[in-house]
Amino acid sequence: MAGFTRSDGLMKQRNSYRISRSAKNDSFLQIVFRFQVVNPGDLCLQLPIWRPGRYQAQHFSKNIPQIKAFAESGKELTLRKKGTSAWEMYVDEAQEIEIRYSYYAQQADAGGSVSSAEMLYINFINCLIYVHGEELKPCEVKVDLPESWQVATSLKEVNLGCWESSNYWELVDSVFLAGESISIHSWREGEYEFSAEGMGLSGLFHERILGAYQKIVAYQLSWMGHFPVKKYRFLHWIKEEAYYHGVEHLHSTMMVLGPSNRDLYDDLIGLASHEFFHVWNIATIRPKELLPYRYDQEIYFTTAWFVEGVTTYLGDWFLVASGVYSSEEYLAALLGNLKLHFERDGEARQSLIESSIDLWLDGYGKAIPGKRVSIYYKGAIVALAIDLLIRKKFNHRRSIREVMLQMNQQFGIPQQGYELADVYAVVEEVYEGSLKEFWEIWVEGNEPLELPLNELLEFVGLQIEMSDRGLLLHHLQDELNDDARIWLQGAIN
């Protein structure tokens, strides 16, 4: 594929990409990457081996059959394979370099990319190579599309068919969705702009779903107070086959669900609530190991349970607190999460800390029997326990909300990054007491949690029990007690 013409000197100041569908096989993307060499010598080109939201090496370079490099003169340069996702080259003078390659784009989930005659869907982190050490350099990406196609992306369009980002990290934290028809529904909440947009939404985004989105957004904004972006998009691809997957980004979430002929209401609002809270709990409040992201290596951190577990618990709780769910609907969802831990992973031997690290080893599928716990579902149980512990001690005057507000103030807003000890310290500061035994049992240990969880659930008039029918969640009284109603009411002090 021919390169694109540099129009002015700005090209030298930024890394530039051009993407089009292959004329021979529209399952492939054709990509041209241009960058300016200022300091001649050895250069390293890198494609990410993983993406935020999935702490597992996915090695996207397996989708690149061939890659070539060219000097400004047009002469082909030698590229040496350095690793599974890295290439080396030597450049003897300052000049513009062009990298040409194709990418097989047929990963149809919320973190993948798809090229077809009907649509173009790109997670840029899958397919855009960068020069190692130049992640802070501004980027532009040009995408060749039919004139009639519409686009949904959080990137800023600066010219027709050309989008830009302030650096590589912002670029690959963005999703690009294009096709003949993109539905868009927009609203404002205070000073912030929101939209729900995507493909396959015709007839789906009725008043009930849009009203729920607006309630969820309004409540979470009030609950956290500070919101780090001015505009946020809920991006969707509704498929014809059964699917459920979402990925968080700072300015958007991408959700892939289906089929469109079933009731997607519960899946949509649950996934939207979860992914939206990730704007704070990972995109802003981030473990130190992930600040900044390093895409060329596996990054082990012990707090993945806090990232996903707290978000899983609160994502569901926000549904009842915002008035989208009734109390009984929320408790049914809570039971579903409890069952996923106690019926499936209750006898697993790893701690949450060990399982946080072993995501990189085992991936997100099944591990060997009795090994790994879910950072999502056991993590959510720990978050529930923290919330109830604090509420019980302070008669609801404090809750897990104060934990998240302090985490945001201390680590999120200043972009400092936190460690496991910081999580412990913030929770104990809110609790006003040591929780050494709690951490040893719930986070660092692997003992059964039925008894300690029931001691906390009793405060809100609930109890779990393992029966022949599986895990049950009982009311200790005929009706919810006052503490349960306050907990589920979600009033913001």
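This is a predicted model: local features need pLDDT of at least 70, side-chain atom pairs count only at pLDDT 80 or more; totals for chains, interfaces and linings use all residues.
Residues are numbered from 1 along each chain as its sequence is written, and side-chain values use heavy atoms, with hydrogens and water left out.

**Entry 1: Glu96 and the annotated spans**

I find Glu96 buried, with a relative accessible area of 6%; buried means under 20% relative accessible area, exposed over 50%, and partly exposed in between, with a 1.4 Å probe and protein chains only. The side chain of Glu96 makes a polar contact of 3.2 Å with the side chain of Arg34. By polar contact I mean a pair of N or O atoms within 3.5 Å, of which, within protein, one must be able to donate a hydrogen and the other to accept it, and residues adjacent in sequence count only if both atoms are side-chain atoms.

From UniProt I took the feature "domain: Peptidase M61 N-terminal", an unreviewed entry, at residues 16–179. UniProt positions are in the numbering used here, feature names are shortened, and annotations may be inferred rather than shown by experiment. I read 5% helix and 48% strand for residues 16–179, with the end C-alpha atoms 23 Å apart. UniProt also gives "domain: Peptidase M61 catalytic", again from an unreviewed entry, for residues 268–382, and here I read 53% helix and 0% strand, with the end C-alpha atoms 25 Å apart.

**Entry 2: strands**

I followed an open sheet of four strands in the order β6-β7-β3-β11, with antiparallel pairing; two strands pair if DSSP finds at least two bridges between them. Its edge strands are β6 (80–83) and β11 (130–131), each of which pairs on one side only. Strand β3 (residues 41–46) pairs with strand β7 (residues 86–91) in the antiparallel sense over six bridges, and the partner of Leu43 in β7 is Met89.

How many of the residues of strand β10 (residues 119–123) are buried? I count five of the five, so β10 is largely enclosed by the rest of the structure. Met119, Tyr121 and Asn123 lie on one side of β10 and Leu120 and Ile122 on the other, all of them buried, which leaves both faces covered. A hairpin of three residues joins β9 to β10, and strand β9 (residues 114–115) pairs with β10 in the antiparallel sense over two bridges, with Val114 bridged to Tyr121. I also find β10 paired with strand β16 (residues 175–179), antiparallel over five bridges, where the partner of Leu120 is Ala178.

**Entry 3: helix α5**

Helix α5 (residues 304–321) has 18 residues and reaches 25 Å from its first C-alpha to its last, close to the 26 Å expected at 1.5 Å a residue; the expected span is 1.5 Å times one less than the number of residues. I find 18 of the 18 residues of α5 buried, so the helix is largely enclosed by the rest of the structure. Thr311 is found in α5 and is buried, with a relative accessible area of 0%. Thr311 and Ala383 are 72 residues apart in sequence, yet 8.7 Å apart in space, C-alpha to C-alpha. After α5 comes Gly323, whose phi is positive, near 90°.

**Entry 4: rings**

I counted as pairs the rings of Phe, Tyr and Trp (its six-membered ring) whose centres lie within 6.5 Å, with planes under 30 degrees apart as stacked, over 60 as edge-to-face and the rest as tilted. The count comes to 45 aromatic pairs. Tyr232 and Phe276 form an edge-to-face pair, 5.0 Å centre to centre with 70° between the planes. Tyr232 lies in strand β19 (residues 231–238) and Phe276 in helix α4 (residues 265–277), so the pair ties together parts that are 44 residues apart in sequence. Tyr232 is buried, with a relative accessible area of 0%.
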